[in-house]
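Reader: This structure is new to me. Please take me through it one question at a time.

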Amino acid sequence: MFFEVPSCLNNATEWIFYVADNGPGIAPQYQQKIFHLFQTLTAKDQAESTGIGLSLIEKIVHSWQGKIWLESDGVQGSKFIFSVPKPIKNE
Amino acid sequence: MNNIKPILLAEDDHVDIMTVRRACKQLNVLNELVVANNGEEVICYLDDPKVPLPCLIILDINMPKMNGLECLKILKQHSVYKSIPVFILSSSREQQDVDSSFSGGISGYILKPVEFNEFLHSIKVLNSHWTVGS
């Protein structure tokens with residue numbers, strides 16, 4: 001498995017970070033669900049997954065008023081993207 | 001004995017599946033125990049016209065792909081499946097899980113006990129109340 005080097009897009013209102021892998025991917029019908037606490041996609045004894053990580057990350061990103069989502073065809077590879085809005089400058 | 005309806009268990013942890021099987025065996029439960037590994041598999045099983053509908057459904061809460069509460073919601077919205085009694089079998093003591101299970105229409109909430117004899121007792125009660133005559 002590889003991880004694409006995390007990258008950052010810098011636009012006028014927000015920073016957008018993303019990280020990608022070439023793992024099994026996540027089918028579209030599960031892409032919202034995986035951020036729910038304890039929600040996994042494989043059985044407990046098949047993969048060491050607690051379903052906690054992504055829900056924690058979502059909470060952190062939301063605490064920054066950001067958004068998190070992913071792009072994946074469900075066959076190979078997932079790209080996780082999150083945005084962090086820039087503070088509004090008072091002039 | 002072919003007219004005995006099966007019991008459908010939705011559970012993804014093999015140790016827990018074995019525990020339920022062991023309890024059913026010890027209590028001489030005659031109903032076949034059908035295992036689904038997640039909520040999606042429960043719906044798939046029920047939608048299969050070739051298999052008999054279960055007399056009761058036991059759902060774990062935390063399962064991959066579709067969890068027990070989500071599955072419960074779909075079951076209780078279905079014109080036929082809504083009349084099958086559903087039990088939650090979970091290790092969660094969270095009031096929120098218990099409340100949403102009952103408001104979702106379950107017939108009972110069984111906490112997964114750590115001790116086998118306690119568990120045996122839970123299944124014994126379940127069996128005597130819900131599988132008699134079905």
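**Inside chain B, then chain A**

Reader: Which residues are in contact with A10(B), leaving aside its neighbours within four places in sequence?

Author: Two residues are in contact if their C-beta atoms, placed from the backbone, lie within 7 Å. Setting aside neighbours within four places in sequence, A10(B) is in contact with A36(B), N38(B), G39(B), V42(B), I58(B), L59(B), D60(B), M63(B), G68(B) and C71(B).

Reader: What kind of model is this, and from which number are residues counted?

Author: This is a predicted model, in which local features need pLDDT of at least 70 and side-chain atom pairs count only at pLDDT 80 or more, while totals for chains, interfaces and linings use all residues. Chains are lettered from A and ligands numbered from 1 in the order in which they are written, and along each chain, as its sequence is written, residues are numbered from 1.

Reader: Which residues touch the most other members of the largest nonpolar core, and which elements supply at least two residues each?

Author: A nonpolar core is a set of buried Ala, Val, Leu, Ile, Met, Phe, Trp, Tyr and Cys residues joined through C-beta atoms within 7 Å. The largest one has 28 residues, and A10(B), I58(B), L59(B) and F87(B) touch the most other members. At least two residues of this core come from each of these chain B elements: β1 (7–10), α1 (14–26), α2, β3 (56–59), α3, β4 (86–90) and α5 (116–130).

Reader: Is L89(B) buried or exposed?

Author: L89(B) sits in strand β4 of chain B. A residue is buried with 20 or more other C-beta atoms (placed from the backbone) within 10 Å of its own, exposed with 12 or fewer, and partly exposed in between. L89(B) has 24 other C-beta atoms within 10 Å, so it is buried.

Reader: Which residues does L89(B) touch, not counting those up to four places away in sequence?

Author: L89(B) and Y109(B) are 20 residues apart in sequence, with C-alpha atoms 6.3 Å apart in space. Not counting residues up to four places away, L89(B) touches I58(B), L59(B), D60(B), I110(B) and K112(B).

Reader: Which strands stand at the edges of the chain B sheet?

Author: Helices (H or I, at least four residues) and strands (E, at least two) are DSSP runs, numbered from the N terminus. Two strands pair if DSSP finds at least two bridges between them. The open sheet of five strands in chain B has parallel pairing and the order β2-β1-β3-β4-β5. Each edge strand has a single partner, so one side is left without a neighbour in the sheet; the two are β2 (33–36) and β5 (108–111) of chain B.

Reader: What is the bridge partner of I58(B) in β4(B)?

Author: β3(B) and β4(B) run parallel and are joined by three bridges. Across from I58(B), the bridge partner in β4(B) is F87(B).

Reader: How do α2(B) and α3(B) pack, and how do the residues of their contact divide by class?

Author: Axes are lines fitted to C-alpha atoms, for helices over the stretch in contact, with angles from 0 to 180 degrees between N-to-C directions. Helix α2 (residues 39–47) and helix α3 (residues 68–77) of chain B pack at about 30°, their axes 8 Å apart. The contact is made by G39(B), V42(B) and I43(B) of α2(B) and G68(B), E70(B), C71(B) and I74(B) of α3(B). With Ala, Val, Leu, Ile, Met, Phe, Trp, Tyr, Cys and Pro counted as nonpolar, Asp, Glu, Lys and Arg as charged, and the others, Gly among them, as polar, these residues divide into four nonpolar, two polar and one charged.

Reader: What pattern does chain A follow along the sequence?

Author: Chain A has one helix and four strands. Read along the sequence, the pattern is β-β-α-β-β.

Reader: How large is the average twist from one strand to the next in the chain A sheet?

Author: The chain A sheet is open and antiparallel, with four strands in the order β1-β2-β4-β3. β1 (7–10) and β3 (67–71) of chain A have a single partner strand each, so one side of each lacks a neighbour in the sheet. From one strand to the next, the twist averages 20°.

Reader: Which residue in the turn between β3(A) and β4(A) has a positive phi?

Author: Five bridges join β3(A) to the antiparallel strand β4 (residues 78–85) of chain A. L70(A) stands opposite F80(A), and E71(A) has K79(A) as its bridge partner. The two strands form a hairpin with six residues between them, and the turn residue with a positive phi, about 80°, is G74(A).

Reader: What share of the residues in chain A is buried?

Author: The C-alpha atoms of chain A fill a box of roughly 55 × 25 × 20 Å along the principal axes. Of the 91 residues in chain A, the buried share is 8%.

Reader: How many residues of chain B are in contact with chain A, and what are their classes?

Author: Eight residues of chain B are in contact with nine of chain A. By class, the chain B side has one nonpolar, four polar and three charged residues.
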